[in-house]
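Hi,

Here is the structure I promised to pass on.

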Amino acid sequence: MTSTLQPYSETPNETYTFSSRPRPVPARLKYKEHSISQNDGQGIYGNIMYDRRVVRGNTYAQHVLPGPDLVEIQRQQEARKRAIAKNRAKEQFRSRTPDALQGRKHTDMQTELYLEELSDLTEDTSVGCQTDAFLDKPITPLFIPAKSGKDVATQIEKSEVQLFDFDVEAQPVLEVLVGKIMEQALLEVLEEEELHALRTQQRAFQELHDAEMVEVERLEEQERRRHEEKDCRIKQKRVVLEKEKETAEKIAARVFAQHYLADLLPSVYTTLKDHGYFSDLVQRDIETGFLPWLVAEVNSALEKRQIALTVFDILIQNVTNLRRETFQIVNPE
C-alpha cells in the first residue's frame with residue numbers, strides 16, 4: 001500500500017505525527033504528464049528511504065545542532081520563490097503545441113524510424129523447470145593409513161631365553177658416553193683457556209697499537225708543524241726577495257730615467273720654445289688680449305664711418321634729385 005506523508009510544517013519542539021487514509025492505487029500512466037503538482041517546488045515523498053527528515057546511521061555520536069537561523073530560512077524561502085516564479089515565466093513563454101480545434105484532440109504518435117506498438121501491458125512468459133530427486137550423502141569410509149615398510153619376524157627358542165644382558169651390553173655404551181663427555185668437557189676447558197689467552201694477547205696488542213697510533217699522530221703533528229713552518233719561512237723569504245727585486249728594478253729605472261732625461265730635457269725645452277710654447281707673458285697678453293680688442297674696436301669704428309658715408313651719400317643724392325626736379329619744373333624745355 002502506498003502512503004502519502006503530510007506536509008512537514010511543525011516546529012522542532014512539537015511531536016511528529018503521521019496519519020494515512022486507505023485509498024485505491026491510482027492507474028499508472030506510461031508517460032508523465034507535462035504539468036506535475038508541486039508544493040512550493042518540493043515533491044511529497046511516500047517512501048521513508050527518500051524522506052530527508054529520516055536520520056540514517058548511528059545516532060549515538062551525533063552532535064546537537066543549534067536551531068535554524070530565521071534570517072537564513074527567510075532568505076532561502078525567498079530564493080525558492082524567485083526560482084519558482086522564474087520557472088513559471090519560462091513555462092509561459094515557452095512555445096507549445098496550439099490547442100486542438102473544436103471536435104478534435106491531440107494524439108501522441110511515434111516519430112522513430114521503426115514503429116513500435118505501445119501498450120500499457122507488460123509482456124510476460126511463464127517458464128518452469130524440474131530438478132532431480134534429492135540423493136542422500138553416502139557414509140564416509142573410515143580412514144586407514146597405507147602401510148610402509150616390510151613385516152619381518154624371528155623365532156626365539158626356549159633354550160635361548162637370555163639373549164640380552166643389560167649390564168654386559170650397556171657397559172661399553174656407558175663407557176663410550178662417559179668418555180665422550182669427558183673428552184668434550186676437556187676440549188671445552190682447553191678452548192676457554194685458549195680464548196682467554198687470545199683475549200689477553202689481543203688486549204695487549206690493542207694497547208700497543210694504541211700507543212703506536214698516539215706516537216704516529218704525535219710525529220705526524222710534529223711533521224705538519226715543521227712543514228707549515230717551512231712553508232711560512234719560504235713565503236717570507238720569497239716576499240723579501242720580491243721586494244728586493246722590485247726595489248732594485250725601481251732604482252735601476254730611476255737611474256736610467258735620470259740619465260735619459262739629462263739630455264732629453266734641454267732638447268725638449270728648446271723644441272717647445274722654438275714652436276712657441278714658451279713665450280713672453282707681456283707679449284702673449286698683448287697678442288691674446290689687447291690686439292683682438294683693438295681689432296674689434298677698429299672694425300667697429302670703420303663700420304660706423306662706412307655707415308656715416310653711406311648716409312651722407314644718400315642725403316647728397318636725395319638733395320641732387322630734389323634740385324633737379326625743381327629746376328625742371330622752373331625751366332621746362
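Which residues gather in a patch of negative charge on the surface? They are Glu 112, Glu 116, Glu 117, Glu 123 and Asp 124. Asp and Glu count as negative here, Lys and Arg as positive, while His and the chain ends are not counted. A patch is built from residues with over 30% relative accessible area and no salt bridge, joining like charges within 9 Å and nonpolar side chains (Val, Leu, Ile, Met, Phe, Trp, Tyr) within 5 Å. The place of a charge is taken as CG of Asp, CD of Glu, NZ of Lys or CZ of Arg.

Before you go further: this is a predicted model, where local features need pLDDT of at least 70, side-chain atom pairs count only at pLDDT 80 or more, and totals for chains, interfaces and linings use all residues. Residues are numbered from 1 along each chain as its sequence is written, and side-chain values use heavy atoms, with hydrogens and water left out.

Now the overall layout. The protein has three helices and zero strands, so the pattern along the sequence reads α-α-α (helices are DSSP runs of H or I with at least four residues, strands are runs of E with at least two, and both are numbered from the N terminus). Of the 333 residues, 2% count as buried. Buried means under 20% relative accessible area, exposed means over 50%, and partly exposed is in between, with a 1.4 Å probe and protein chains only. The areas themselves come from the Shrake-Rupley method with that 1.4 Å probe, and for residues only the protein chains shown count as cover.

Glu 116 counts as exposed because its relative accessible area is 58%.

There is a nonpolar patch too, of about 860 Å², made by Phe 256, Tyr 260, Leu 261, Leu 265, Val 268, Tyr 269, Tyr 277 and Phe 278. Tyr 277 belongs to the loop between α2 and α3 (281-330), and with a relative accessible area of 58% Tyr 277 is exposed.

Next, the charged pairs. Side chains of opposite charge can pair when their charged atoms come close. How many salt bridges does a search of the whole structure find? The search finds eight, where a salt bridge is a side-chain nitrogen of Lys or Arg within 4 Å of a carboxyl oxygen of Asp or Glu. Here are some to look up:

- Asp 151 and Lys 147 meet at 3.0 Å, N to O, and both are exposed.
- Arg 218 pairs with Glu 215, with the closest N and O atoms 2.2 Å apart. Both lie in helix α2 (residues 166-274), three residues apart, or about one turn of the helix. Arg 218 is partly exposed at 43%, and Glu 215 is partly exposed at 35%.
- Glu 221 and Arg 224 meet at 2.1 Å, N to O. They are separated by about one helical turn because they are three residues apart in α2. Salt bridges that share partners join Glu 221, Arg 224, Arg 225 and Glu 228 into one network.

Last, the cysteines. A search of the whole structure finds zero disulfides (a disulfide is a pair of cysteine sulfur atoms within 2.5 Å). Cys 129 is exposed, at 75% relative accessible area, whereas Cys 232 is partly exposed, at 34%.

Cheers
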